[in-house]
Amino acid sequence: MKSLKTLLFSLVFVGLATFGFAQGGKKGEEVKFKTSAVCGMCKATLEKGLAYEKGVEKATLDENTKVLTVQFNSTKTSADKLRKAVNDLGYDADDSKATPRAYDRLDACCKKDNGVH
Ligand SMILES: [Cu+2]
């Protein structure tokens, strides 16, 4: 009956691992920012830039609504810090305005004031 024991052991292990993951997930929070993104390149800039931010698990920009959804670990970062990170990439986040120097460095097509769009 060695194989049955092994099977049971695996089941318990998987169960514990899943439980542990679920517990860890409790620190996970989600925040949404309305950004000043205008194109696909902005999407890439924001998603990549946020991915490198400490505590960020996932960042997704909806190209239609320009809403950036960030999943993050609340023990490592906060919504305020993430908003600031978006500003430092050159974009507005809700009412928090883009850092001027970062905005200046954006490609012309990514500037919200550019009349092209
Ligand atoms: Cu752009």
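**Figure 1. Contacts along the whole chain.** Among contacts in the protein chain between residues at least 6 apart in sequence, 51% join residues at least 24 apart. A contact here is a pair of residues whose C-beta atoms, placed from the backbone, lie within 7 Å. The model is predicted: local features need pLDDT of at least 70, side-chain atom pairs count only at pLDDT 80 or more, and totals for chains, interfaces and linings use all residues. Numbering starts from 1 along each chain as its sequence is written. The protein chain holds four helices and three strands. Their pattern along the sequence is α-β-α-β-β-α-α. Helices (H or I, at least four residues) and strands (E, at least two) are DSSP runs, numbered from the N terminus. Of the 117 residues in the protein chain, 24% are buried. Buried requires 20 or more other C-beta atoms within 10 Å of the residue's own; exposed means 12 or fewer, partly exposed in between, with C-beta atoms placed from the backbone.

**Figure 2. The open sheet.** Three strands form an open sheet in the order S1-S3-S2, with antiparallel pairing. Strand S1 (28-34) and S2 are the edge strands, each pairing on one side only. From one strand to the next, the twist averages 15°. Angles run from 0 to 180 degrees between N-to-C directions; axes are lines fitted to C-alpha atoms, for helices over the stretch in contact. Two strands pair if DSSP finds at least two bridges between them. S1 and S3 are antiparallel and share seven bridges. Glu30 has Gln71 in S3 as its bridge partner.

**Figure 3. Helices on the sheet.** H2 packs on the sheet and touches S2 and S3. The direction of H2 makes about 170° with that of S2. H3 also packs on the sheet, touching S1 and S3. Its direction makes about 40° with that of S1. Buried residues of H3 are Leu82, Arg83, Ala85, Val86 and Asn87. Their cover includes S1, H2 and S3. Just after H3, Gly90 adopts a positive phi of about 105°.

**Figure 4. The S2–S3 hairpin.** S2 and S3 run antiparallel and are joined by six bridges. Val56 stands opposite Phe72 in S3. Four residues lie between the strands of this hairpin, where Lys66 takes a positive phi near 65°.

**Figure 5. The largest nonpolar core.** This core has 22 residues. Leu46, Leu68, Val70, Val86 and Tyr91 have the most contacts inside it. Two or more residues come from each of helix H2 (40-51), strand S2 (56-62), strand S3 (67-73) and helix H3 (79-88). A nonpolar core is a set of buried Ala, Val, Leu, Ile, Met, Phe, Trp, Tyr and Cys residues joined through C-beta atoms within 7 Å. Nonpolar side chains tend to be buried together in soluble globular proteins. Leaving aside neighbours within four places in sequence, Val70 contacts Glu30, Val31, Leu50, Val56, Ala59 and Leu82.

**Figure 6. Lys34 and its surroundings.** Lys34 sits in strand S1. Lys34 counts as partly exposed because it has 13 C-beta neighbours inside 10 Å. Not counting residues up to four places away in sequence, Lys34 touches Lys66, Val67 and Asp94. Lys34 and Val67 are 33 residues apart along the chain, yet 4.5 Å separates their C-alpha atoms.

Definitions and conventions. Contact = placed C-beta atoms within 7 Å.
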